[in-house]
Amino acid sequence: MGTAQPSGEDDPRVEVGRSALESASSGGPAGTAHSHSRRHKIVQQRGSGNHLPTANGRSVPTLTDETSEPSSAELQALRRSCVRFLHSHGDRSVAAYLAEIPADAETDFYGMGGVVQELEDEVAQILGKAAVAFFPSGVMAQQIALRIHADRRGRRTVFFHPLCHMEQKELRAYEMLHALVGRPVGEPHRLITVGDLRGERWTGEPIAEVPAALLLELPQRDIGGQLPPWEELVDQVDWARGHGAAVHMDGARVWGCESFYGRALAEICERFDTVYVSFYKQLGGLAGAALAGPEDVVAEAKEWRRRHGGMLYGLWPNAASGLASLRTRLPRMAVYQEQALALAEAVRDLAAVEVLPDPPHTPMMHLLLRRDPGAVRTAALELAREERLWTFTRPASTEVPRVCRVELEVGDATLQWTPAEFRRILQRLLTD
Ligand SMILES: Cc1ncc(COP(=O)(O)O)c(C=O)c1O
């Protein structure tokens with residue numbers, strides 16, 4: 001089965017990526033069900049008028065129109081009516097998020113002191129970096145890191161994977177805000193190799209341009225969370241250093257990389273000048289990110305954070321949530337990883353399923369399903385309506401006709417599923 005472009009689960013908080021290639025091949029929004037005959041419209045209204053009462057107090061929206069695509073509000077209502085979730089940490093309430101924030105967390109003042117400092121210190125220790133700054137978002141943190149690396153070297157070009165977040169989902173901010181030049185290396189459906197850095201893939205000629213920085217995403221989310229072998233990673237880092245370039249890690253999901261490498265996070269991060277990590281993806285906190293690196297780089301990054309409007313009067317709610325999530329869920333990464341392996345094992349023999357990567361390298365994977373995305377979506381919506389299970393309601397089309405891609409990030413919600421249940425769900429999504 002050919003590889004396809006990235007997708008994501010239907011979680012408004014999980015950003016769904018679609019590459020240019022995928023957009024061109026699908027010709028429409030990922031997962032829309034326009035071609036499928038069985039269609040439900042889920043009507044959401046305030047009050048109980050159009051909702052059926054349920055035992056757990058979550059009402060199930062009624063289905064009234066079999067012909068049109070549910071609106072996002074209707075999808076939200078259906079999602080809220082569900083009692084089990086496959087992806088990540090599931091559908092959590094405001095109360096659940098707030099309950100994780102200790103009442104004695106100390107407030108900060110414009111990002112200084114309090115729980116922000118506490119989080120920064122703890123992350124610095126875990127990642128083995130001299131300094132850390134908390135950021136409202138990874139988008140902000142990474143642009144700033146690369147801007148600083150570029151300014152210091154008097155170069156503008158950043159080498160990165162064609163499907164990295166910065167290239168795919170940030171509206172060319174690196175270019176428009178920081179006058180950086182992106183140079184994708186390698187090919188979209190596989191990891192960068194040191195060979196890609198040494199020679200231009202179309203001409204075979206050595207790459208002449210020397211970059212300001214090499215950006216490596218560990219794991220590479222849009223190809224299922226793949227990781228390069230350690231020796232390959234070291235070679236790439238050495239190549240960058242040999243060319244006077246900085247090495248920056250997009251470590252949005254680096255928390256789950258220890259078991260693949262058999263190395264502690266600090267040892268993995270040691271190879272990189274700067275590392276960005278996220279607190280809301282694998283860790284399940286509120287939005288928030290951190291940039292780790294040398295003291296002078298991080299100090300300069302804090303000034304850029306201010307220029308970007310990221311020096312909020314109080315960053316403590318997000319930082320306190322991030323710190324609590326770090327302490328709770330970082331120790332669970334090995335368990336998430338085991339579950340990823342068990343779930344992959346349970347479905348790899350299904351003819352219509354391909355696990356990517358197989359076995360999963362980290363607590364996430366993509367599944368390539370040999371079925372039209374619209375049909376998978378319709379089946380997932382039926383599952384939500386009939387069994388109140390929220391699964392893969394937004395499969396992405398791929399460049400291969402009738403093959404779609406879904407993403408599974410293993411978290412607390414995923415741990416509630418047995419491999420046999422997971423297999424049944426996939427079979428259900430794959431049959432009429
Ligand atoms: C790999 C990767 N890098 C960077 C980001 C940006 O993070 P943030 O949402 O904190 O700006 C994301 C967000 O989904 C991501 O998946």
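The model is a predicted one, in which local features need pLDDT of at least 70 and side-chain atom pairs count only at pLDDT 80 or more, while totals for chains, interfaces and linings use all residues. Residues are numbered from 1 along each chain as its sequence is written.

Helices (H or I, at least four residues) and strands (E, at least two) are DSSP runs numbered from the N terminus, and two strands pair if DSSP finds at least two bridges between them. The table sets out the two open sheets.

| Strand order | Strands | Pairing |
|---|---|---|
| S5-S11-S10-S9-S8-S6-S7 | seven strands | mixed |
| S12-S13-S16-S15 | four strands | antiparallel |

In the sheet of four strands, strand S12 (353–356) and strand S15 (396–397) stand at the edges with a single partner strand each, so one side of each has no neighbour in the sheet. S12 is joined by four bridges to strand S13 (residues 364–369), and the two run antiparallel; valine 355 has leucine 367 in S13 as its bridge partner.

In the sheet of seven strands, the edge strands are S5 (131–135) and S7 (181–184), each pairing on one side only. Neighbouring strands of this sheet are turned by 20° against each other on average, direction ignored. Within it, strand S8 (residues 213–217) and strand S9 (residues 246–251) run parallel and are joined by five bridges, and leucine 214 has valine 247 in S9 as its bridge partner.

Helix H14 (residues 333–347) and helix H16 (residues 419–430) pack at an angle of about 50° with their axes 9 Å apart, the axes being lines fitted to C-alpha atoms, for helices over the stretch in contact, and angles running from 0 to 180 degrees between N-to-C directions. H14 is therefore oblique to H16, since angles under 35 degrees count as roughly parallel, over 145 as roughly antiparallel, 65 to 115 as roughly perpendicular and the rest as oblique.
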